[in-house]
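Please examine the sequence and the model below.

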Amino acid sequence: MVASHNQRMPSRCILCLQNPPIQNSHIVPKFMIKRLKEGSPLRTLVHSNMLNRVFQDGWKEDYLCNGCEQRFSRLEHWFCQNVYEPFLAGAQLSLKYGNELGLFICSLGFRYIRYALDKNPSQPCAPELSVMYQNLRTGLLNDSLANIPAHPYIQFLFPIPSIDQFPPGINTYLFESIDGAVFSHILPSGKLWLVYLKVPSLFFILSSGNLRHAFRPSCVLDSHEVLDQGQLNSQPGSGALFSLVHDTLCDRALEIQANYSKMPAGRAEKMASKIAAVPNKAAYRAHQTYLLDMKLISELEANHAKGPTG
């Protein structure tokens with residue numbers, strides 16, 4: 001029987017292509033959304049471009065069936081227990097880079113590529129990006145990182161204490177927001193496709209080619225070179241990966257400051273009064289990053305007051 005135009009055909013899981021997906025499958029793991037809410041005195045999520053609206057959850061789409069959702073959930077549980085929670089607790093991590101970490105990063109990239117394409121239907125998908133997406137799907141379906149020709153990287157984030165490289169708002173962006181982008185990057189060796197996905201306190205980059213020889217970042221891990229013997233260290237590094245997303249980081253930081261400055265006075269007063277009523281608000285991570293960025297604003301204003309030198 002052929003369905004009528006008014007009857008929606010059942011969709012299929014984007015991973016196995018067999019079973020219908022469950023509703024509202026998370027793009028970013030739920031434990032990262034929970035970290036954002038628990039770190040805020042108001043226990044809610046706020047979109048930097050829509051400060052008058054309050055959210056209770058992150059990006060979700062009907063993407064994965066129950067079985068494939070559980071497949072990714074196992075990777076998420078491993079990452080949360082072995083990397084994310086210890087890092088947020090202040091532990092100095094040093095663990096071997098294995099299949100779980102690489103597949104976890106690839107699973108995020110796979111979901112985000114699909115999400116980005118679905119949210120921008122007017123932009124045609126580049127053939128290279130389509131190949132990258134299909135390779136990720138095949139490798140993830142077979143639980144085989146070795147057969148995925150994409151390179152996953154991880155960058156731990158630490159507070160930005162001065163305005164030398166980034167504008168005020170950068171700490172709020174790094175630690176209290178979720179963001180992503182899919183873009184191409186030109187190297188002397190040719191064009192690469194990069195998937196950037198930032199979560200609170202970390203960001204990941206999934207590249208269609210090897211970035212290690214181009215940037216040699218000390219706080220970066222490449223599964224194809226150090227799969228067995230490599231160590232994942234949560235120490236501040238050279239931050240070479242920042243050069244790939246520097247413009248995005250600056251733009252987002254400026255947007256956060258601009259949007260907060262545009263907040264209606266009544267809304268700002270209401271939020272301030274709610275936060276003021278929270279006991280021990282200084283212990284919340286969102287408040288800590290806010291104070292850091294206020295310090296950067298003071299530094300910026302002081303520099304402007306001094307005027308040009310030389």
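In this predicted model, strands β8 and β9 run antiparallel and are joined by 6 bridges. Lys 198 stands opposite Phe 203 of β9. The two strands form a hairpin with 2 residues between them, and in this hairpin Ser 201 takes a positive phi near 85°.

β8 also pairs with β7, residues 179-187; these strands are antiparallel, and 9 bridges join them. Here too there is a hairpin, with 2 residues between β7 and β8. Leu 187 has Gly 190 as its bridge partner in β8. Of the 10 residues of β8, 8 are buried, so the strand is largely enclosed by the rest of the structure.

β9, in turn, pairs with β6 in the antiparallel sense, over 6 bridges. One of the contacts between these strands is the bridge of Tyr 153 to Ile 205 in β9.

A search of the whole structure finds 1 cavity of 30 Å³ or more, and the largest cavity holds about 40 Å³ of space. The residues that line it are Ile 105, Leu 108, Gly 109, Tyr 112, Val 195, Leu 197, Phe 204, Ile 205 and Leu 206. By class, 8 of the lining residues are nonpolar and 1 is polar, with no charged residues. Helix α3 gives the most to this lining, with 4 residues.

α3 spans residues 99-119, and its 21 residues reach 30 Å from the first C-alpha to the last, close to the 30 Å expected at 1.5 Å a residue. The helix is mostly covered, with 15 of its 21 residues buried.

Helix α2, residues 66-88, bends by about 45° at Cys 80. Cys 80 is itself among the buried residues of α2, which also include Phe 72, Leu 75, Trp 78, Phe 79, Val 83 and Phe 87. After α2 comes Gly 90, whose phi is positive, near 95°.

Methods
Residues are numbered from 1 along each chain as its sequence is written. This is a predicted model: local features need pLDDT of at least 70, side-chain atom pairs count only at pLDDT 80 or more; totals for chains, interfaces and linings use all residues. Side-chain values use heavy atoms; hydrogens and water are left out. The expected span of a helix is 1.5 Å times one less than its number of residues. Buried means under 20% relative accessible area, exposed over 50%, partly exposed in between (1.4 Å probe, protein chains only). The bend at a residue is the angle between axes fitted to the seven residues ending there and the seven starting there. On a 1 Å grid over the protein atoms alone, a cavity is a set of points where a 1.4 Å probe fits but cannot get out, and a pocket is an open set with protein on both sides within 12 Å along at least five of seven lines; lining residues have an atom within 4 Å of a point. Grid points are joined across faces, edges and corners, and a volume is the space filled by probe spheres set on the points. Ala, Val, Leu, Ile, Met, Phe, Trp, Tyr, Cys and Pro count as nonpolar, Asp, Glu, Lys and Arg as charged, and the others, Gly among them, as polar. Two strands pair if DSSP finds at least two bridges between them.
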